[in-house]
Amino acid sequence: RMFLHCTGANDTFGAGDVDEKRVAGARLFHFGYPTLMRAIYSDGGRGLEQIFRNVRQQGLTTTLDMSQPDPNSEAGQVDWASFLQRVLPVTDVYLPSFDETLLMIDRPRFGTKPDAALLASTAQRLLDWGAKIVVLKLGDQGAYLRTGRNLAGMGQAAPKNLAVWTNRELLAPCFQVNVVGTNGSGDCTIAGFLAGLLRDLTPEETLTTAVAVGACNVEAADATSGVRSWDETQQRLANGWTQRPVSLQLPGWRHDAKSRLWVGPNDKI
């Protein structure tokens, strides 16, 4: 697929464009697609770091999503590893796709199919760089969650029971649907995860909801009309919505019948 993109104000957007008065009173601040914003990616992450520091001072939880740049474009030539090492220490939840993550921080492996070891090592690097919660979107294989040892200071959207979220490693399979279009499926998956976080669900419930919202999205050709209400989505899950099989190699993992998720060897619960 191909997107025709008029960058417009995205090229100049920076820290000065975030109105602190409009942010005041919110619980969570989500930033998406720095790869499409020239002023944001061209300064090595300094502007985004400042934005996140500013909203954190107001008590907000910070969350970040990426998009995959053309490797041959200006954005594709950015040192994204250095960018992330600057920004992730002020990022509470990082939610990129697995493929774009390899492109940014492990380019020789870009295009490699994920397995248990590569998922764990990739997520661990992002945690070591400062992210508290990492969610790697895996396309038709679902979503992978890895959390750190210290989740303190996550802001107003932080889970009330941090212990339940600490040192977790989970994988939620996709749900069986009639795929009409995948435009926006990753964004909807993120929306489901953030909605679960804001409702103080468990990690298992939050990751499952994320994948469920992404599955609803692909049942329509556009980016949003397939998404159902919160109650409808939860009812669909409660009715035993069929999951797709996971084809990833997951040695050392176990399937938890209650949550219907895969639990990794790095999970400490």
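Here are some numbered notes on the structure above, meant for someone meeting it for the first time.

1. **Before you start.** This is a predicted model, in which local features need pLDDT of at least 70 and side-chain atom pairs count only at pLDDT 80 or more, while totals for chains, interfaces and linings use all residues. Residues are numbered from 1 along each chain as its sequence is written, and side-chain values use heavy atoms, with hydrogens and water left out.

2. **Aromatic pairs.** Rings of Phe, Tyr and Trp (its six-membered ring) pair if their centres lie within 6.5 Å; planes under 30 degrees apart count as stacked, over 60 as edge-to-face and the rest as tilted. The count by this rule is 8 aromatic pairs. In one of them, the ring centres of Phe29 and Phe52 are 6.2 Å apart and the planes stand at 85 degrees, so this pair is edge-to-face. Phe29 belongs to strand β1 (residues 28-32) and Phe52 to helix α3 (residues 46-57), so the pair links distant parts of the chain, 23 residues apart. Helices (H or I, at least four residues) and strands (E, at least two) are DSSP runs, numbered from the N terminus.

3. Phe29 counts as buried at 14% relative accessibility, and Phe52 is buried at 0%. Ring pairs also join Phe13, Phe29, Phe31 and Phe52 into a cluster.

4. **A tilted pair.** Tyr144 and Trp253 have ring centres 6.1 Å apart and planes at 45 degrees, so their pair is tilted. Tyr144 is in strand β5 (residues 143-147), whereas Trp253 is in the loop between α10 (230-238) and β7 (254-256), so the pair ties together parts that are 109 residues apart in sequence. Tyr144 is buried, with a relative accessible area of 0%, and Trp253 is buried too, at 9%.

5. **Charges over rings.** A charge sits over a ring if NZ of Lys or CZ of Arg is within 6 Å of the ring centre and within 35 degrees of the ring normal. Have a look at Arg199, whose charged end sits over the ring of Trp230, 4.0 Å from its centre. The charged end of Arg236 sits over the ring of Trp241, 3.8 Å from its centre.

6. **Positive phi values.** Tyr33 has a phi near 65 degrees, a positive value in a residue other than glycine. Tyr33 is in the loop between β1 and α2 (38-41) and is partly exposed, with a relative accessible area of 28%. Arg260 also has a positive phi, near 65 degrees, and is not a glycine. Arg260 is in the loop between β7 and β8 (261-263) and is partly exposed at 25%.

7. **Helices α3 and α4.** Axes are lines fitted to C-alpha atoms, for helices over the stretch in contact, and angles run from 0 to 180 degrees between N-to-C directions. The axes of α3 and helix α4 (residues 80-87) come within 9 Å and cross at roughly 20 degrees. The two helices are therefore roughly parallel to each other (angles under 35 degrees count as roughly parallel, over 145 as roughly antiparallel, 65 to 115 as roughly perpendicular and the rest as oblique). Contact, meaning heavy atoms within 4.5 Å, is made by Arg46, Leu48, Glu49 and Phe52 of α3 and Phe83, Arg86 and Val87 of α4.

8. **A mostly covered helix.** In helix α5 (residues 98-105), 7 of its 8 residues are buried. The buried residues are Phe98, Glu100, Thr101, Leu102, Leu103, Met104 and Ile105. What covers them includes β2 (61-65), α4, β3 (93-94), α6 (116-128) and β4 (133-137).

9. **Thr209 and its surroundings.** Thr209 lies in helix α9 (residues 203-217) and is buried, with a relative accessible area of 1%. Apart from neighbours within four places in sequence, Thr209 is in contact with Gly192, Leu201, Trp230, Gln234 and Leu237. Helix α8 (residues 185-198) packs with α9 at an angle of about 145 degrees, with their axes 7 Å apart.

10. **Asn266.** Which residues does Asn266 touch, not counting residues up to four places away in sequence? They are Ala120, Arg146, Asn167 and Glu169. Asn266 sits in the segment after β8 and is partly exposed at 27%. The C-alpha atoms of Asn266 and Asn167 are separated by 7.2 Å, and these residues are 99 residues apart along the chain.

Note on methods:
Buried < 20%, exposed > 50% of the residue type's maximum accessible area, 1.4 Å probe, protein only.
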